[in-house]
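Here's a quick walk through one chain, starting with the overall fold and ending with a few side chains worth a look. Have the model open as you read.

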Amino acid sequence: MFKKLIFGLSLWLFATTLSFGANFDDGYSAIEKGDYKTAFTIFEDLASKGNKGAQYNLGLMYSNGQGVKQDYKKAIEWYEKAATQGVAEAQYNLGLMYDNGYGVRQDYKKAFEWYEKAASQGDATAQYNLGVMYERGEGVRQDYKKAFEWWEKAATQGYAKAQYNLGLM
């Protein structure tokens, strides 16, 4: 009986520590150690309080099936929360989800909109993807000049695919 009581108190102490004392760095450290369950618990608590980094990381965890069952729809929900708070990585990932139809109906216009938000914050991969969309005319009228401009922005940041595409033009 005494062992059960001590065990129960230990579990309660662990749970309350996670709920009240854990911070973003604790969640990130748990991910680095491969302890996705702990990271998820920490990020879920922080995300529910509006922490944009935790919201983005929950999106990643749902998208990749780390510590949870892979669920693109839930990933999108969390990415949207972080993206509306200005997280460029979440904006890029939403663009990717709409571009490829992960958890949503493929929608190039929405993909373009999200990529554009991330690209305007300097995200080189989003800038590259905007160039591709302009080159192909996906979600936007085909425009090689704008494709060149976006690839040039990504290339100046060292993005190799953009540099390659500029070399082909």
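Helices here are DSSP runs of H or I with at least four residues, and strands are runs of E with at least two. On that basis, this predicted model has ten helices and zero strands. Read from the N terminus, the elements simply go α-α-α-α-α-α-α-α-α-α.

| Property of the chain | Value |
|---|---|
| Buried share of the 169 residues | 41% |
| Share of contacts (separation of 6 or more) between residues 24 or more positions apart | 36% |
| Accessible surface | about 9,900 Å² |
| Part of that surface belonging to carbon and sulfur atoms | 53% |

Asp99 is another story. It sits in helix α6, which covers residues 88–100, and it is buried without a salt bridge. The nearest side chain of opposite charge belongs to Arg136, 6.6 Å away, and a salt bridge has to be within 4 Å. Leaving aside residues up to four places away in sequence, Asp99 touches Gln106, Tyr108, Ala111 and Tyr115.

Out on the surface, Tyr144, Phe148 and Met169 make a nonpolar patch, with about 310 Å² of accessible area together. Tyr144 belongs to helix α9 (residues 144–156) and counts as partly exposed, at 46% relative accessibility.

Methods. Residues numbered from 1 in each chain as written. Predicted model: local features only at pLDDT ≥ 70, side-chain atom pairs only at ≥ 80, totals over all residues. Heavy atoms only, no water. Buried < 20%, exposed > 50% of the residue type's maximum accessible area, 1.4 Å probe, protein only. Lys, Arg positive; Asp, Glu negative; His and termini not counted. Contact = heavy atoms within 4.5 Å. Patch = residues over 30% accessible without salt bridge, like charges linked within 9 Å, V, L, I, M, F, W, Y side chains within 5 Å. Areas by Shrake-Rupley, 256 points an atom, 1.4 Å probe, with all protein chains shown as cover.
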